[in-house]
Amino acid sequence: MIYGAINEKDKYGHTLMGRVFDAINNKQMEYNWFITDTECLLDRIEACCTDQGYCWLTGEELSKIVREDDGQWIWAVLSGFSKDISLAEILQYPQPYANEYEGFWQNPLSIQHPLATIEIVPWDSSLTLFLSKRADLVEDFLHFFPSSENLLVYNAR
């Protein structure tokens, strides 16, 4: 099952990954990250994604970048993968995208990349979507951002 949250009301820093990582108790370190469809105010991420069309980073590398420069993410899909899944396996599937992807707004919830465990989506710098196969991470996100909502409930309205 996929669990999800949407944060569009807490205007303070919900598209800053440092705050999102705080919300999930730095569990991003447990994953490798495939970052696609990126527009953000972090030069290192922009350069990586522009050169290849995607970024492939360990949780440690992504955390270091965010600690050094926690700029705003405008658009992106950050897909978290178990560390035993290779980039070659990931590249066998279409790259996730944020803008105009209708699956975010449909129940049952789904993560775009079939091998990913987590998906974090800064959406036009106005909201952040957090989806995971782990209910505990979504609960942590919802608790940290008290004005966020369960995405299943949000979509049902």
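Buried means under 20% relative accessible area, exposed over 50% and partly exposed in between, with a 1.4 Å probe and protein chains only. The model is predicted, so that local features need pLDDT of at least 70 and side-chain atom pairs count only at pLDDT 80 or more, whereas totals for chains, interfaces and linings use all residues. Residues are numbered from 1 along each chain as its sequence is written, and side-chain values use heavy atoms, with hydrogens and water left out.

**Exercise 1.** Determine which residues of helix α5 are buried and where they lie around its axis.

*Solution.* Helices (H or I, at least four residues) and strands (E, at least two) are DSSP runs numbered from the N terminus, and α5 covers residues 135-144. In this helix L137, V138, F141 and L142 are buried.

**Exercise 2.** Classify the ring pair of F130 and F141, and state whether each residue is buried or exposed.

*Solution.* Rings of Phe, Tyr and Trp (its six-membered ring) pair if their centres lie within 6.5 Å, and planes under 30 degrees apart count as stacked, over 60 as edge-to-face and the rest as tilted. The centres of F130 and F141 are 5.1 Å apart and their planes stand at 10 degrees, so the pair is stacked. The pair links F130 in strand β6 with F141 in helix α5, eleven residues apart. F130 is buried at a relative accessible area of 0%, and F141 counts as buried at 0% relative accessibility.

Technical notes: Contact means heavy atoms within 4.5 Å. Axes are lines fitted to C-alpha atoms, for helices over the stretch in contact, and angles run from 0 to 180 degrees between N-to-C directions. The arc is that of the directions from the helix axis to the C-beta atoms.
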